Amino acid sequence: MSNTGGRRRAPTIHDVAREAGVSRGTVSRVLNGGHYVSPAAQEAVNAAIRRTGYVVNRHARSLITGRSDSVGFLLTEPQERFFEDPNFNVLLRGCTQALAAHDIALLLMLAGTPDERRRITRYITAGHVDGVLLVSSHSGDPVAEELRAAGVPLVACGKPIGLGSKVSYVAADDRDGARDMVRHLLSLGRRRIGVVTGPLDTPGGVERLAGYREVLAEAGIALDEKLIVEGDYSRAGGEAGAERLLARAPDMDAVFVASDLMAQGVLTALQRAGRRVPQDVAVGGFDDSPAAVAASPELTTIRQPWDRISTEMVRVLLAQMSGEDPAAVILPTELVKRGSA
């Protein structure tokens with residue numbers, strides 16, 4: 001390679017073709033999916049790319065293919081939630097790794113206010129990404145419907161409320177996981193079981209509360225509305241929820257908390273009130289996130305299969321980007337027993 005001003009010239013597609021002993025057109029076909037290229041030629045081109053250090057000019061290729069080779073990871077929550085809630089980071093890491101296997105970049109997009117959501121929606125529908133992984137969609141949030149109406153390939157984490165089969169989604173079985181946790185608390189002899197729900201405009205909030213109600217009904221225990229408070233998936237929300245439960249139902253002997261992060265706040269409130277965990281009040285969480293093992297005592301919780309959720313979200317999105325119809329995937333959860341219950 002020639003030098004100009006001491007700088008090494010970047011290898012070009014012509015260098016790759018010369019090194020591989022094939023035409024420039026063959027190299028181009030390999031770079032764009034390998035259609036109509038023999039296995040021997042494809043291997044020769046790939047070997048030449050490695051030897052020359054050639055890097056695809058994504059901007060130039062996008063002008064030809066109409067693809068950006070990037071996907072948006074859209075979180076419709078306030079920015080501070082992204083840094084507080086470990087689930088988002090676990091999901092982001094898994095999606096990034098799954099897309100990297102397809103040489104697709106992931107763009108993190110935070111849109112916690114109506115103005116931010118409008119700007120991000122304009123950016124996405126202008127074609128700057130090839131598809132969207134949507135996380136934490138509340139009912140009444142227009143983003144999912146606007147992206148769907150614009151024809152943007154979209155996969156939600158959790159079933160978007162009100163959109164039914166119109167949008168692809170991947171979800172853990174929230175209702176079944178909640179049922180497992182409440183059955184476990186009942187098996188310990190607890191009968192006054194409180195619940196701090198997730199936001200009731202989210203699928204997880206609705207489904208986990210439904211599971212709680214169903215198991216109490218199965219056990220013949222009358223539902224006491226004083227034992228139900230709504231949370232917001234934050235540590236502070238869990239702490240406030242536990243304080244309301246203690247004030248309304250001081251005889252509470254267990255609490256099912258719809259996220260591990262909220263459960264940390266519940267533990268803080270219980271300890272401040274002089275309640276021992278699990279002797280006086282058993283506590284069960286949901287997620288099996290890093291917050292579960294950071295808690296004291298460590299949380300009995302419901303494990304969401306985050307690795308499979310992220311892998312399936314990417315798989316379903318890539319299929320949709322290739323023209324397939326929307327799909328729904330529901331994955332099983334697992335009860336994990338630790339010290340809190």
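These legends describe close-up views of a predicted model.

View 1. S259 sits in the loop between β10 (254–257) and α12 (260–272). S259 has a relative accessible area of 3%. That is under 20%, so S259 counts as buried. Its side chain reaches the backbone nitrogen of M262 at 3.1 Å. Beyond its neighbours within four places in sequence, S259 is in contact with Y233, F286 and D287.

View 2. Most residues other than glycine have a negative phi. Y233 lies in the loop between β9 (228–230) and α11 (235–248). Its relative accessibility is 14%, so Y233 counts as buried. D287 is placed in the loop between β11 (282–284) and α13 (290–294). With a relative accessible area of 3%, D287 is buried.

**View 3. Helix α10, residues 203–218**. The 16 residues of α10 should span 22 Å at 1.5 Å a residue. The end C-alpha atoms are 23 Å apart, which agrees. Buried residues of α10 include L209, Y212, V215 and L216. The buried residues pack against α9 (174–187), β8 (193–197), β9 and β10. G220 follows α10 and has a positive phi, near 75 degrees.

**View 4. Two cis peptide bonds**. Most peptide bonds are trans. A cis bond joins V277 and P278, with omega about 10 degrees. P278 lies in the loop between α12 and β11. Another cis bond links S296 to P297, with omega about 0 degrees. P297 is in the loop between α13 and β12 (301–303).

Notes:
Residues are numbered from 1 along each chain as its sequence is written. This is a predicted model: local features need pLDDT of at least 70, side-chain atom pairs count only at pLDDT 80 or more; totals for chains, interfaces and linings use all residues. Side-chain values use heavy atoms; hydrogens and water are left out. Helices (H or I, at least four residues) and strands (E, at least two) are DSSP runs, numbered from the N terminus. Buried means under 20% relative accessible area, exposed over 50%, partly exposed in between (1.4 Å probe, protein chains only). A polar contact is a pair of N or O atoms within 3.5 Å; within protein, one must be able to donate a hydrogen and the other to accept it, and residues adjacent in sequence count only if both atoms are side-chain atoms. Contact means heavy atoms within 4.5 Å. The expected span of a helix is 1.5 Å times one less than its number of residues.
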